[in-house]
Amino acid sequence: VPGDNLIKIAGQYRARTGHYSLEDMLGDIRGANTLAGDLLRPGQQLRLPLAPQGDHPQVQRPTADGSDL
């Protein structure tokens with residue numbers, strides 16, 4: 001998509017792939033696609049890796065009102 005960049009793509013897919021932070025997502029995209037930086041070429045296809053299981057924090061218990069932090 002014209003105007004896409006690595007940070008924008010990582011931000012869009014971070015939660016869906018289970019990554020805790022944008023930096024984690026960026027690092028995993030770079031690693032999965034052997035990218036040295038954030039430069040993308042028009043038409044380039046990227047692999048969007050899932051976060052390793054156990055890599056993101058788990059809620060130990062809900063808050064007093066029942067919501068998760």
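## Start and end of helix H1

At the start of helix H1, a side-chain oxygen of Asn5 comes to within 3.1 Å of the backbone nitrogen of Ile7. This is a feature of a predicted model. After H1 comes Gly18, which has a positive phi near 85°.

## The buried face of H1

Four residues of H1 are buried: Leu6, Ile9, Ala10 and Thr17. Viewed down the helix axis, the buried residues of H1 fall within an arc of 95°, so they line one face of the helix. Helix H2 is included in what covers them.

In soluble globular proteins, nonpolar side chains tend to be buried together. Here, the largest nonpolar core consists of six residues, namely Leu6, Ala10, Met25, Leu26, Ile29 and Leu35. Helix H1, spanning 6-17, and helix H2, spanning 22-32, each supply at least two residues of this core. The largest share, three residues, comes from H2.

Met25 belongs to this core. Leaving aside residues up to four places away in sequence, Met25 touches Ala10, Tyr13, Arg14, Thr17, His19 and Leu48.

## The protein as a whole

The secondary structure of the protein amounts to two helices and zero strands. The protein has 69 residues, of which 17% count as buried.

Among contacts between residues at least 6 apart in sequence, 39% join residues at least 24 apart.

How values were computed. Residues numbered from 1 in each chain as written. Predicted model: local features only at pLDDT ≥ 70, side-chain atom pairs only at ≥ 80, totals over all residues. Heavy atoms only, no water. Core = buried A, V, L, I, M, F, W, Y, C linked by side-chain atoms within 4.5 Å. Buried < 20%, exposed > 50% of the residue type's maximum accessible area, 1.4 Å probe, protein only. Contact = heavy atoms within 4.5 Å. Arc of directions from axis to C-beta. Polar contact = N/O pair within 3.5 Å; in protein donor to acceptor, adjacent residues only side chain to side chain.
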